[in-house]
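I opened this model to look up its aromatic ring pairs and then its sheet. My notes follow in the order I made them.

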Amino acid sequence: MCNMECFGDQYRGCGHYVRIYQTGITYDCGRPNCKLSAAHMHKTAKNCGCNMEFSDHRRVRNLFQTKCDACLEYEGGGSDEYGHRTGR
């Protein structure tokens with residue numbers, strides 16, 4: 001699978017990587033079953049079943065020792081006024 005370089009934040013508290021932006025720099029995997037590779041074996045086929053997505057070549061911009069915002073929000077449970085029955 002070919003890679004595209006991206007930068008993001010790594011959160012050690014939960015282990016998540018949050019992508020901030022992609023640089024546009026790509027790395028060719030050289031596999032014949034990857035449609036994005038120069039070595040793709042079905043060069044003229046329109047509908048082959050080969051992979052058509054880049055994977056992330058992750059570069060860490062910031063390393064945090066806490067959990068990411070999504071995990072903190074999930075653990076907090078949100079506010080009592082939204083999504084919960086109250087006043088019963």
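**Entry 1: ring pairs.** I began with the aromatic side chains. The count comes to 2 aromatic pairs. I keep in mind that the model is predicted.

I took F7 and Y21 to begin with. Their rings are stacked, with 5.4 Å from centre to centre and 20° between the planes. F7 sits in strand β1 and Y21 in strand β2, 14 residues apart, so I note the pair as a link between distant parts of the chain.

Then I checked the cover on each ring's residue. F7 has 18% relative accessibility. The cut-off for buried is under 20%, so F7 counts as buried. Y21 comes out at 39% and counts as partly exposed.

Next I looked up Y11 and F64. Their ring centres lie 5.0 Å apart and the planes meet at 20°, so this pair is stacked. This pair also links distant parts of the chain: Y11 is in strand β1, F64 in strand β3, and 53 residues separate them.

Y11 is buried at 11% relative accessibility. F64 has a relative accessible area of 32% and is partly exposed.

**Entry 2: the chain as a whole.** I stepped back to the fold. I find 1 helix and 3 strands in the protein chain. Read from the N terminus, the order is β-β-β-α.

The chain has 88 residues, and buried ones make up 20% of them. Its accessible surface comes to about 6900 Å². Carbon and sulfur atoms hold 48% of that surface.

I also looked up the contacts with a separation of 6 or more. Of these, 52% are between residues 24 or more positions apart.

**Entry 3: the sheet.** Which order do the strands take in the sheet? I read β2-β1-β3, in an open sheet of 3 strands with mixed pairing. β2 (17-27) and β3 (55-64) stand at the edges. Each has a single partner strand, so one side of each is left without a neighbour in the sheet. From one strand to the next, the twist averages 25°.

I wrote myself a reminder. Strands of a sheet pair through backbone hydrogen bonds, in either the parallel or the antiparallel sense.

**Entry 4: β1 and β2.** Strand β1 covers residues 3-11. It runs antiparallel to β2, and 7 bridges join the two. I looked up two of the facing positions. D9 stands opposite V18 in β2. N3 stands opposite Y27 in β2.

I then followed the turn. The hairpin of β1 and β2 has 5 residues between the strands. G15 in this hairpin takes a positive phi near 85°.

**Entry 5: β1 and β3.** Is this pairing parallel or antiparallel? It is parallel, over 9 bridges. I picked out E5 and found its bridge partner in β3, which is H57.

**Entry 6: cover on β1.** How many residues of β1 are buried? I note 8 of its 9, so the strand is mostly covered.

I end with β1 in the order β2-β1-β3. It pairs with β2 in the antiparallel sense and with β3 in the parallel sense.

Note on methods: Residues numbered from 1 in each chain as written. Predicted model: local features only at pLDDT ≥ 70, side-chain atom pairs only at ≥ 80, totals over all residues. Heavy atoms only, no water. Helix = DSSP H or I, 4+ residues; strand = E, 2+ residues; numbered from the N terminus. Buried < 20%, exposed > 50% of the residue type's maximum accessible area, 1.4 Å probe, protein only. Contact = heavy atoms within 4.5 Å. Areas by Shrake-Rupley, 256 points an atom, 1.4 Å probe, with all protein chains shown as cover. Pairing = 2+ DSSP bridges. Axes fitted to C-alpha atoms, helices over the stretch in contact; angles between N-to-C directions. Phe/Tyr/Trp six-rings, centres within 6.5 Å; stacked < 30°, edge-to-face > 60°.
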